[in-house]
Structure formats: structure tokens, C-alpha cells
Amino acid sequence: MTEGAPKIRIDKWLWHARFFKTRSLAAKQVGAGHVRVNGQKVLKPAQNVTPGDVLTFAQAKVIRVVRVEAIGERRGPAPEAQALYFDMTEKQEKVPANPRFEGKGRPDKKARRALDLTRKQDTL
């Protein structure tokens, strides 16, 4: 990193960009080693990031890959937060919904057993 480049703590930037609801949640993710900056695991929330850095972290069930575009002054509204990064996450197809009972009402014992058998075969 160069001396003149603007920089900010990684936990603060993740909070400004609205990836985490609170700064302490962002700090916990970083402290647990679940965030990478330019491919290197970060263990301290005080690690600085600058524009051009690539962050990789888990958010819910999705692995997010974002490039820092700007340093935020505050945690503003969503459009302002979206201007702070470029999302490089691969688009994933929607996961199919769980199979549902197509009849009316609650399935009887025979239908539940058949449903359980199909679920067991899917896991094998």
C-alpha cells in the first residue's frame, strides 16, 4: 500500500458498505478469520483496506467477492453504500424449493412414508 492512499479499518468498511448490520458483527467475522483481503486471511479488525483491494467473505449461504471502490465517510443509505464496492460474486442459479405434498391437507401415514423414502434416496 502506498502512504498517500486513503485507508479504513476493514470492520468499519464492511459496516459502511452494509454487509453487516453492526460493526461488532463485522469485527467478529474478521476476528474469526472468515474474511480474506487479496487472498490473505485477516485476523484483526484493525486491518486497513484501500480502494482496489478484493475482499472475500461469507454472507449467509453465499460467498461474496467484492472489490473496494471507495472509502465511505459514513454509513449512509443503501445506494450510497453500493457505490463503495463492485460485486464480483458469481451469479448462482436459484436453489430449487423443497418438495411439497401436492394433495390437500395433511398427508396420511402411507404418503408420509413414501415421502420419507424419497428423501432418504436423495441423500444417498
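This is a predicted model: local features need pLDDT of at least 70, side-chain atom pairs count only at pLDDT 80 or more; totals for chains, interfaces and linings use all residues.
1. Phe57 and its surroundings. Beyond its neighbours within four places in sequence, Phe57 is in contact with Leu14, Phe19, Phe20, His34, Val35, Val62, Ile63, Arg64 and Val66. Phe57 counts as buried, at 2% relative accessibility. One of its contacts, Arg64, also stands opposite Phe57 in S6.

2. Aromatic pairs. The structure holds five aromatic pairs. One of them joins Phe19 and Phe57 in an edge-to-face arrangement, with 5.0 Å centre to centre and 75° between the planes. Because Phe19 sits in the loop between H1 and H2 while Phe57 belongs to strand S5, this pair ties together parts that are 38 residues apart in sequence. Phe19 is itself buried, with a relative accessible area of 6%.

3. The ring cluster. Which residues do the ring pairs link into a cluster? They are Trp13, Phe19, Phe20, Phe57 and Tyr85. Of these, Phe19 and Phe20 are also among the contacts of Phe57.

4. The nonpolar core. The largest nonpolar core has 19 residues, and those with the most contacts inside it are Ile10, Trp13, Leu14, Phe19, Leu55 and Phe57. At least two residues of this core come from each of H1, H2, S2, S5 and S6. H1 gives the largest share, three residues.

5. Five strands form an open sheet in the order S3-S2-S5-S6-S7, with antiparallel pairing. S3 and S7 each have a single partner strand and stand at the edges, so one side of each is left without a neighbour in the sheet. From one strand to the next the twist averages 30°.

6. Strand S5 (residues 54-59) pairs with strand S6 (residues 62-68) over six bridges, in the antiparallel sense. Along this pairing, Leu55 stands opposite Val66 and Phe57 opposite Arg64. The hairpin of S5 and S6 has two residues between the strands, and in it Ala60 takes a positive phi near 60°. On the next step across the sheet, S6 pairs with strand S7 (residues 85-87), again antiparallel, over three bridges. Arg67 stands opposite Phe86 in S7.

7. Most residues other than glycine have a negative phi. Which way does phi go in Arg18, positive or negative? The value for Arg18 is positive, near 65°. Arg18 lies in the loop between H1 and helix H2 (23-31) and is partly exposed, with a relative accessible area of 38%. Asn38 likewise has a positive phi, of about 55°, although it is not a glycine. Asn38 is placed in the loop between strand S2 (35-37) and strand S3 (40-42), and at 43% relative accessibility Asn38 counts as partly exposed.

8. His16. This residue lies in helix H1 (residues 10-16). Is His16 buried or exposed? His16 is buried, with a relative accessible area of 3%. Leaving aside neighbours within four places in sequence, His16 is in contact with Ile8, Gly72, Glu73, Arg74, Arg75, Ala81 and Leu84.

9. Confidence. The average pLDDT of the protein is 89, and 92% of the residues score at least 70. Where is confidence lowest and where is it highest? The lowest mean, 83, belongs to helix H4 (residues 109-123), and the highest, 97, to S2.

How values were computed
Residues are numbered from 1 along each chain as its sequence is written. Side-chain values use heavy atoms; hydrogens and water are left out. Two strands pair if DSSP finds at least two bridges between them. Helices (H or I, at least four residues) and strands (E, at least two) are DSSP runs, numbered from the N terminus. Buried means under 20% relative accessible area, exposed over 50%, partly exposed in between (1.4 Å probe, protein chains only). Contact means heavy atoms within 4.5 Å. Rings of Phe, Tyr and Trp (its six-membered ring) pair if their centres lie within 6.5 Å; planes under 30 degrees apart count as stacked, over 60 as edge-to-face and the rest as tilted. pLDDT is the predictor's confidence in each residue, from 0 to 100. A nonpolar core is a set of buried Ala, Val, Leu, Ile, Met, Phe, Trp, Tyr and Cys residues joined through side-chain atoms within 4.5 Å. Axes are lines fitted to C-alpha atoms, for helices over the stretch in contact, and angles run from 0 to 180 degrees between N-to-C directions.
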